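Thanks for coming, everyone. Let me put today's model on the screen.

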Amino acid sequence: MTDDRTPPTAQGDEPEIVLDVQDAVRHYPLRRRSLREPRRSVHAVDGVSVRLRSGRTLGIVGESGCGKSTLGRLITGLETPTSGAVRVGANGTPAAAASGRGTVQAVFQDPASALDPRMMVRQSVAEALGGVGRDERDRRVDEAIAAVGLTPDFGSRYPHELSGGQQQRVCIARAIVGEPDLILLDEAVSSLDASLQAQILDLLERLQRDTGTAYVFISHDLRAVRQVSHSVAVMYLGQVVEQAPAEAFDRGLLHPYAVALRSTEPRILDDGVEPVERVVLRGEPPSAVAPPAGCRFAPRCPIVEDHCRRVAPDLVEATPGHLVRCHRPGDLTLSGVARADAGTPAEV
Amino acid sequence: MSTIAERRPPSRGVRLPRRWPVRGVVANIALSLILLYVVLAVLGPYITPFAPNQVGAGPNLSPPSSDHWFGTDALGRDQLSRVITAVRPALLAALYAVTFALAIGTVIGIAAGFLGGLWDGALSRVVDLLFAIPEYLLAILVIAVMGSGLVNASLAIGIVCIPRFARIARGSTLSIMERSFIDAARLCGRGRLWIMRRHILPNIASPLVIMTAINLSTAEAAYAALSFLGFGVRPPAADYGSMISASQQYLLTDPWVVAFPAIAFVVLVLAFNLIGDVMRDRLDPRSRTSAGA
């Protein structure tokens, strides 16, 4: 797969690739209950390929357990892939080797748990600056604390003296202080309330404009993902089922799961884009231990056909920069089933 | 949140010390008692009315009197002087034993919890093995190998106490490992030793301190028991266990020879025990007992 998610209209000198995931697989072996039992494993991430260029944001959405956080851990090098390759940085170092070199940083979901309660803010931020002289370290820590909109006196406070939003700003300061090529934002705004979310997202966008850092933004919240991402990947059961430019998320979604996800997004007012019918999926995702033989979404798909249950679809490029893993791409849209002759009606 | 840190008002430049973890009437009494014992241990040789090992300082087995407040023992040694002198080995034994167990147990526990996998398996099995051997049997076994005396007896008790510290250190480490600041430190390029020392150790200190307080009384009682069996400081030096054991035949005729060292010893263990209870209540309010603040 060779998608680089740069719009075709981009200028000739494209930013360098800072994340290159090729067919990454991560299985977690399960403990056997008896010696005769075959070895089984959880297929957390099952053949994901993505690329990301400097200064851009890749959004990853999906429901709980779809493997998006595992993908995040592969990208940060905190886990090594069972097979496939994860390369980060301008010179394509394997993520596991780059881990801890300051190439990749991360901001986690719960800021209270991401800061050591016994370390002052300065100490936490300075942790990302190993092997830097004291004077320069102090200067860069001050800069980072200022860059995330905190006053210098926060440096000598402890995490429990800070609000959730302030804590998350400190985490962001720690992530940017070492000037990484790539920052993983793993549900980074999910634990904050709506107005704080907006503030933090604005902050992240501003920092990206200033520093050119690439983001991988993992969330179950489609709206937040779409707001900050240049390109969005939808994951289902360890695989990317659709990857589209952010603009396509308002009307051009092709995979029925992505459509269902988009249709259930809560809206305050009808924004006049399209009349949206909620596509409610029935049942739970199948077990990641024994994924279905055909399309992994088939058991829950509103427009499933026999063919889908037998043959697993490949991820193919529908239009430039827009990939989908479906035998009937585009047959389910936000306004219902597009082609009435296509078979099973949608469950709406 | 697993810390016992209280919410404080935002500090203005100066960081206030953490609140003293032992408060309340019971805690104050216990602390005063321990302070008294510490003073006696330090000043012992200078304040005893007689030399503790001086045979015939008074008549044999004389009851408490103005000359000999605690009476004399079967060899006419002054009991008050001996009770005061015995404070030092008693405190030192508890201190040595718990310090040793704390140091070794914490290292084992953090290593097992942090490194996981085979390390955890191996270290945890060793700890389980130590736990499985009856405590006094293990202590006497250690003494049989190393010989008796204050330091050896303390080490023996320390070895017996290691599993408790190791288990609590391992469990606390595992719960800290769940927090994402450990992953953040890894991404910042911090090595295992840094993470264990700078992140894990400070965050598991509270339960370890409490475990230390609780174990002081256990170690104290264990040392007295070993001393009673003759594994403590060498006679004729004064030691609660050996004093009780040497005088037990006079229990019915001249009870004070047993009573005074026993009382001194029991009060010391009780004081340690109360401190341990108060600190445990501070950590875990659910198991609150009457010893609360």
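This is a predicted model: local features need pLDDT of at least 70, side-chain atom pairs count only at pLDDT 80 or more; totals for chains, interfaces and linings use all residues.

Residues are numbered from 1 along each chain as its sequence is written, with chains lettered from A and ligands numbered from 1 in the order in which they are written.

Chain A, then. It has 11 helices and 14 strands. Those are DSSP runs, numbered from the N terminus: helices are H or I with at least four residues, strands are E with at least two. Of the 348 residues of chain A, 47% are buried, meaning that 20 or more other C-beta atoms, placed from the backbone, lie within 10 Å of the residue's own. Take contacts in chain A between residues at least 6 apart in sequence: 65% join residues at least 24 apart. Contact here means C-beta atoms, placed from the backbone, within 7 Å.

Now a sheet. Eight strands of chain A form an open sheet, in the order 6-7-8-3-9-10-12-11, with mixed pairing. Strands pair if DSSP finds at least two bridges between them. At the edges sit strand 6 (104-107) and strand 11, each pairing on one side only. The twist averages 25 degrees from one strand to the next.

Look at the strand 11 end. Strand 11 (residues 316-319) and strand 12 (residues 322-324) of chain A run antiparallel, joined by three bridges. A:Thr319 faces A:His322 across that pair. Two residues lie between the strands of this hairpin, and A:Gly321 takes a positive phi near 80 degrees. On to strand 10 (residues 239-245) of chain A: two bridges join it to strand 12, again antiparallel. There, A:Glu242 has A:Val324 as its bridge partner.

Next, the interface. 20 residues of chain B contact 25 residues of chain A. Which elements of chain B give two or more residues to that side? Helix 7 (180-187) and helix 8 (192-203). Helix 7 gives the largest share, seven residues.

Last, chain B. An unreviewed UniProt entry places "transmembrane region" at residues 20-43, 90-116, 136-162, 200-226 and 256-276. Such annotations may be inferred rather than shown by experiment. Take two of the spans. Residues 256-276 of chain B are 100% helix, with end C-alpha atoms 30 Å apart. Residues 136-162 of chain B are 89% helix and 0% strand, with end C-alpha atoms 14 Å apart.

Methods. Axes are lines fitted to C-alpha atoms, for helices over the stretch in contact, and angles run from 0 to 180 degrees between N-to-C directions. Two residues are in contact if their C-beta atoms, placed from the backbone, lie within 7 Å. A residue is buried if 20 or more other C-beta atoms lie within 10 Å of its own, exposed if 12 or fewer, and partly exposed in between; C-beta atoms are placed from the backbone.
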